[in-house]
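Here is a short report for a reader new to this structure. It takes one chain, then the other.

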Amino acid sequence: MINQKGLRNFDFFLFFLTLILLLAGLINLYSATFNQSSGGASSIFYRQIYWTALGILTLLIFAFFDYHSFENYSYHLYVLSIALLLLVLIGGKTVGGAKRWIGFGSFTIQPSEFAKLCLIFALCRYFSHNPIPDGYGLFQIIIPIAISSIPAILILFEPDLGTSALLMIMAFSLFVYAGLRLYALLFMVIAGVLSTPVLWEFLKDYQKKRIIYFLNPELDPLGSGYHLLQSKIAIGSGKLIGKGFLEGKQGQLHFLPEGHTDFIFSVFAEEWGFIGAVVLLIALAMIIIKGFLIAGNARDRFGTYVAASISFYLLWHTAINVAMVTGLIPVVGIPMPFMSYGGSFLLTTMTSIGILINISMKRNIF
Amino acid sequence: MIPGSEIYSDYKEDPDEFLTRTRITVSLVLIIFLILIGRLFYLQILKGEYYRHLSENNRIRVYRIQAPRGLIKDREGRIIASNRPSFDLVFMPSEIRNPRAAAKILSPVINMKEEEIESIIEEAKEEASFRITRLKRDITMNEVSFVESNRLDLPGFFIVSQTVRNYPYLTVLSHLTGYISEITKKELQSEEYSGYKMGDFIGKYGIERIWDKTLRGIDGGRQVEVDAFGREISPIKEVEPIPGHDLKTTVDLDLQIVAEEAMQGKNGAVIAMDPRNGEILVMLSHPAFDPNEFIAGISREKWLNIIENPDKPLMNRCIQGIYPPGSTFKLVTAIAGLEEGVITPDTILYCPGYYPFGNRNFKCWKEKGHGSVNLHRAIVESCDVYFYQVGLRTGVDTLSHYARMLGLGVQTGIGLLNEKDGIIPSSSWKRLVLGEDWFEGETLSVAIGQGYTSITPIQLLTLVSAIANGGKVYMPIIVSEIVSREGFLLQKYLPTIVRELDINPSTLEIIRDAMYGVVNQPHGTGWSARLPDVEVGGKTGTAQVISYDSRRNGGTKLDDHAWFISFAPVKGPELAIVVLVEHGGHGATAAAPIARKILSAYFEKKKRAQNDKSKGS
């Protein structure tokens, strides 16, 4: 399938931007996990190098692999992802009170990451095969809601409130993008607001407490509130030009919890300052905008919806992560694309970029 | 051209179909990223200097502000579990450059080994070097002033004020209130304690355990900026703790103390209930423990002493001790006989001092025999031979049915942990558990409360309460109210009737009358519980620790367990009491006087209250 024509249409812009971000991510991860006493990189860093190499390979495979195959198999993939989520709940590894991983020896995967992509395919297939030009009403949207709710609820049980909420936000974004009638949109928003107190009553006390802290970390000055304060100190103290590579005190002294995963952006902003952080955000914004342009120009609806969904996926991850570590929204444990450590997430991100490139290539073939 | 790509039906006919959506989404991206960049501008440019300052000094310290634990009170509001102020010696691991030097200075003063101090510091440095860690809790004022005056030699060490649980009545209420101590690593990982933190104190026993979430409140915290010597410069954020709720129990402290004094030097259980609503007024188990000892972190030696004590001080005998009911069970046999019609109150049976059955003679406790007795006298004088015959007439399964109905052999549901069931044998029970058929000879033992039968004191208490109140089995209550620190009533535990007995009121009347006779009539076995101005009803019991046969062979010197169950006044009962004295000998001599002391204290107190009232008005 890789012929000259394909290569000529290959989206080098997207590809190189991705490589640059991956490189920035690795450099930053090196710093975030740098071991001061031994003066060397941690095993986390070396593992992420393998994941990055595997990720680039994955990107290339998906870039040259006709995305229409996913259209045919999207429901199968969806069922598979649900099965994996069930497997997590039954036999998953418990880390910090939550079951989120399946282990194969020393190697663990996080099925909720793959579930995000599989849900995208299933929803996009549904919308592209059931087009309604005037917009979807309440009855036509019931099936997509059901498709999205199943994995969201399973992930909620792990429990992983953040990922579950993110899944719903992604699905909802696609509903709106595919075209919701105004009354259906309003109905969903109102139903969501009204059901909250009902759901609240079903929660146990410690779960309620967790959610209260989650919504207002300042109430928990020793736990999440402390993390947030340290994150703000890290970012703020970077000032205009940052403290320089390996010079970030907050990150280096491990004040930051999850410094290599959820709070990785704080490490970056501390060492590279406002300028570095803005350049990083602009690069991400360019990828996301490019994604939405690809969506608009795709030659078929499935391609459009997939490209838009992937762009939403990148947008919400980036926006929620940065907003969270800067204290704009509650701390919800959403990783940052290209920057956070984590194999499952990196592979999912690279798969989605690969598919974006794929859709972008197909555009010119008539 | 991709082969087969034409099969896809969703080609867009209008290439600009999504143009508007593209514009909207791109605008959305731009807006979101502008907001994020704006936020970064605020943090890094506008407040950059402030945050740089905080990060350079690295002097953010967070303290937990412990929420005051709710108080536990007796039925009149007297505090039986309180909090007292205390000081903890803590340290910031990252700030201790030289653990050995610090250990050397502190060791002689705080009475800990140098190596122990050093290893605690080293471990904390490794595990969480920026988490304030406790070195010693509840230090003395001398220790406090030493640390304060040697502050410059002890960088990284400081003192925080806390509160410590205090049980002012020491051993008197230990099984009831229980105790709290530090959460273990294992507990932290369990589902029950999710949301708890290292260093938290949790209820481990009794009311403290069951109502832990009600009592504990929510900790607050402070984030402060400190200088190089650990002195506070400015607070950053403070969240007030939310105190736990208070519990009002049903226990009467006065009666509990009377029971404690009466049980001095004895092992056993005393438990009393208001038969009108199931409220527990006394719950005492001996030997007891001092709950205060568990709080400071009990020493290994003391802990082993408690755990390996053959008398098991940690066992709450009221709900966990299982004993044969002895002659107190004759009330059940009598009720079964009357209800099934195999005897009437006037049925007269002859007791020559033994009852021949099979190829052996079953003895009456009175070797000379009681002669011809009716039911009333049989209960008053506790004639074994009479009840052997009633038991044979009803059969073991009927006895078992009535025993269970009256609350024996099943947990009462008082809500404390590890309540025991005991055993009420029946033919099907024996087949299931021992795989053997029932022998009728065994029925004789069951009829007088021996054999396989075993029950807990609290089960007997619900039985005697039900007889006293005319047939209602109440759920025992120990906590009556949850009250917020501000004094608002949050929850009230109302009396709950578990079941109404399917027994003729006249049958219970006959039993109550006989129980009156036990205490007040000539030859009654419970004479030692008699009170001058209140009519008391009761029944003695002597639970054989080993069988008659092995005693005859000189198998052991252990005395029998002594029971006394009672209620008063006979007309309109207000208090039901069960007393068990382990190896106390006879119920009449060992247990009944204890019940008498509590009854006497109860009615004297009531009289005093009435006098005060009439004086007042």
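Chain A has 14 helices and three strands. The model is a predicted one. Chain A holds 366 residues, and 51% of them are buried. Its contacts can also be sorted by distance along the chain. Taking the contacts in chain A with a separation of 6 or more, 71% are between residues 24 or more positions apart.

Two packed helices are described by the angle between their axes and the distance between the axes. Helix H2 of chain A spans residues 12-32, and helix H14 of chain A spans residues 343-362. Their axes come within 10 Å and cross at roughly 165 degrees. An angle over 145 degrees counts as roughly antiparallel, so H2(A) is roughly antiparallel to H14(A). The crossing of H2(A) past H14(A) is right-handed.

Which residues make the contact between H2(A) and H14(A)? From H2(A) come A:Leu14, A:Phe15 and A:Thr18. From H14(A) come A:Ile353, A:Leu356, A:Ile357 and A:Ser360. Five residues of this contact are nonpolar, two are polar and none is charged.

## Chain B: an open sheet

Now to chain B. Strands of a sheet pair through backbone hydrogen bonds, either parallel or antiparallel. In chain B, five strands form an open sheet, and their pairing is antiparallel. The order is S12-S11-S23-S22-S21. Strand S12 (280-286) and strand S21 (537-543) of chain B are the edges, and each pairs on one side only. On average, neighbouring strands of this sheet are turned by 5 degrees against each other, direction ignored.

Within the sheet, strand S11 (residues 268-273) and strand S23 (residues 575-581) of chain B run antiparallel and are joined by six bridges. B:Gly268 has B:Val581 in S23(B) as its bridge partner.

Helix H19 (residues 457-469) of chain B packs on the sheet. H19 touches S11, strand S22 (561-568) and S23 of chain B. The direction of H19 makes about 150 degrees with that of S23(B). Another helix, H10 (residues 253-262) of chain B, lies across S11 and S12 of chain B. H10 runs at about 25 degrees to S12(B).

| Cis peptide bond | Omega |
|---|---|
| B:His286 to B:Pro287 | near -5 degrees |
| B:Ala568 to B:Pro569 | about -15 degrees |

Where do these prolines sit? B:Pro287 is in the loop between S12 and helix H11 (300-308) of chain B. B:Pro569 is in the loop between S22 and S23 of chain B.

Positive phi values are the next topic. B:Asn418 is not a glycine, yet its phi is positive, near 60 degrees. B:Asn418 lies in the loop between helix H16 (396-405) and helix H17 (427-433) of chain B. Is B:Asn418 buried or exposed? B:Asn418 counts as exposed because it has 10 C-beta neighbours inside 10 Å, and the cut-off for exposed is 12 or fewer.

B:His523, also a residue other than glycine, has a positive phi near 70 degrees. The place of B:His523 is the loop between helix H20 (505-520) and S21 of chain B. With 13 other C-beta atoms within 10 Å, B:His523 is partly exposed.

Key:
Residues are numbered from 1 along each chain as its sequence is written. Chains are lettered from A and ligands numbered from 1 in the order in which they are written. This is a predicted model: local features need pLDDT of at least 70, side-chain atom pairs count only at pLDDT 80 or more; totals for chains, interfaces and linings use all residues. Two strands pair if DSSP finds at least two bridges between them. Helices (H or I, at least four residues) and strands (E, at least two) are DSSP runs, numbered from the N terminus. Axes are lines fitted to C-alpha atoms, for helices over the stretch in contact, and angles run from 0 to 180 degrees between N-to-C directions. Two residues are in contact if their C-beta atoms, placed from the backbone, lie within 7 Å. A residue is buried if 20 or more other C-beta atoms lie within 10 Å of its own, exposed if 12 or fewer, and partly exposed in between; C-beta atoms are placed from the backbone. Angles under 35 degrees count as roughly parallel, over 145 as roughly antiparallel, 65 to 115 as roughly perpendicular and the rest as oblique. A crossing is left-handed if the near helix is turned anticlockwise from the far one by less than a right angle, and right-handed if clockwise. Ala, Val, Leu, Ile, Met, Phe, Trp, Tyr, Cys and Pro count as nonpolar, Asp, Glu, Lys and Arg as charged, and the others, Gly among them, as polar.
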